[in-house]
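Hello,

Here is the structure I promised to pass on. Please open it first, then read my notes below.

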Amino acid sequence: MVETRSNSCSEHNSTDEELVRLFLESRDNRHFQKLYERYALKVYQKCVTLTKDATRAEDVMHDVFLKLIHKMSSFKTGAKFSTWLFTITHNHCMDLARVSKRRVILVHEAETPEGGGKEELCLQGLFEEEVNLIMLKEALDLLDLEDKAMIYLRYLDDRSIRDIASLFRITESAVKMRLMRSRRKLRRWYHKLSEGSNFF
């Protein structure tokens with residue numbers, strides 16, 4: 001069971017980002033401990049979701065915070081700590097999944113919707129965060145015809161850039177530019193649909 005303890009750190013009202021700065025400046029573990037207290041349970045719960053193993057998740061959670069200590073100096077001024085911590089947590093769990101050759105299902109729902117499969121797995125690679133497959137499909141439906149065609153051909157049909165260029169009678173460079181634009185639109189629609197459902 002994950003436990004957190006409060007302490008007398010004078011910066012108890014400091015923001016996450018201020019605690020990061022104070023830790024980097026002083027190397028006082030009290031500041032890191034405060035961050036641990038704020039996020040240990042949330043990281044543990046996310047590790048449970050990603051690993052599907054409640055027992056293993058606690059060890060993974062501790063590994064994430066150990067990695068966090070070493071990565072703290074790479075935290076960028078102006079960034080949001082919770083988002084950064086989510087990325088570290090997510091990437092660590094994905095690395096473990098690849099090593100163990102187990103697929104981690106990245107959905108909010110307990111089960112993958114009907115028809116789930118290659119389509120969702122391929123499209124998930126366009127995102128750095130956890131993906132809700134229902135919202136992802138809704139976001140796809142909101143794209144205009146050309147953007148949707150680009151996404152489908154490249155990520156669902158596994159068509160090469162050269163093949164797509166031939167189909168659209170444009171250059172390969174133009175295909176790459178349009179794919180970049182289509183990916184940006186898809187992510188924008190997805191984030192609009194999922195607004196208010198942040199990890200932390």
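Leu142 counts as partly exposed, because its relative accessibility is 41%. Leu142 sits in the loop between helix H6 (133-141) and helix H7 (145-156). Together with Trp189 and Leu193, Leu142 makes a nonpolar surface patch of about 240 Å². Please keep in mind that this is a predicted model.

**The overall picture**

The protein has nine helices and zero strands. Along the sequence the pattern reads α-α-α-α-α-α-α-α-α. Of the 200 residues in the protein, 38% are buried. The accessible surface comes to about 11,900 Å², and carbon and sulfur atoms account for 50% of that surface. I also looked at contacts between residues at least 6 apart in sequence. Of these, 59% join residues at least 24 apart.

**The cores**

In soluble globular proteins, nonpolar side chains tend to be buried together. Which residues have the most contacts inside the largest nonpolar core? They are Val43, Cys47, Met61, Phe65, Leu68, Met72 and Phe81, in a core of 26 residues. Four helices each supply at least two residues of this core: H1 (16-26), H2 (29-51), H3 (54-71) and H4 (81-99). H2 gives the largest share, nine residues.

Leu68 is worth a click. Setting aside neighbours within four places in sequence, Leu68 is in contact with Phe32, Phe81, Trp84, Leu85 and Ile88.

Now turn to Tyr36, in helix H2. Is Tyr36 buried or exposed? Tyr36 is buried, because its relative accessible area is 14%, and the cut-off for buried is under 20%. Tyr36 and Phe65 are 29 residues apart along the chain. Their C-alpha atoms are separated by 7.6 Å.

**The cysteines**

A disulfide is a covalent bond between the sulfur atoms of two cysteines. How many disulfides does a search of the whole structure find? The search finds zero. Cys47 is in no disulfide, and its nearest cysteine sulfur is that of Cys93, 4.0 Å away. Cys47 counts as buried, because its relative accessibility is 0%. Cys93 counts as buried as well, because its relative accessibility is 2%.

**Ser182**

The last stop is Ser182, in helix H9 (residues 172-193). Ser182 is buried, because its relative accessible area is 0%. Which residues is Ser182 in contact with, leaving aside its neighbours within four places in sequence? They are Leu143, Asp147, Met150 and Ile151. Asp144 is 38 residues from Ser182 in sequence. In space, the two are 9.2 Å apart, C-alpha to C-alpha.

Best wishes

Note on methods
Residues are numbered from 1 along each chain as its sequence is written. This is a predicted model: local features need pLDDT of at least 70, side-chain atom pairs count only at pLDDT 80 or more; totals for chains, interfaces and linings use all residues. Side-chain values use heavy atoms; hydrogens and water are left out. A nonpolar core is a set of buried Ala, Val, Leu, Ile, Met, Phe, Trp, Tyr and Cys residues joined through side-chain atoms within 4.5 Å. Buried means under 20% relative accessible area, exposed over 50%, partly exposed in between (1.4 Å probe, protein chains only). Contact means heavy atoms within 4.5 Å. Patches are made of residues with over 30% relative accessible area and no salt bridge: like charges are joined within 9 Å, nonpolar side chains (Val, Leu, Ile, Met, Phe, Trp, Tyr) within 5 Å. Accessible areas come from the Shrake-Rupley method with a 1.4 Å probe; for residues, only the protein chains shown count as cover. A salt bridge is a side-chain nitrogen of Lys or Arg within 4 Å of a carboxyl oxygen of Asp or Glu. A disulfide is a pair of cysteine sulfur atoms within 2.5 Å.
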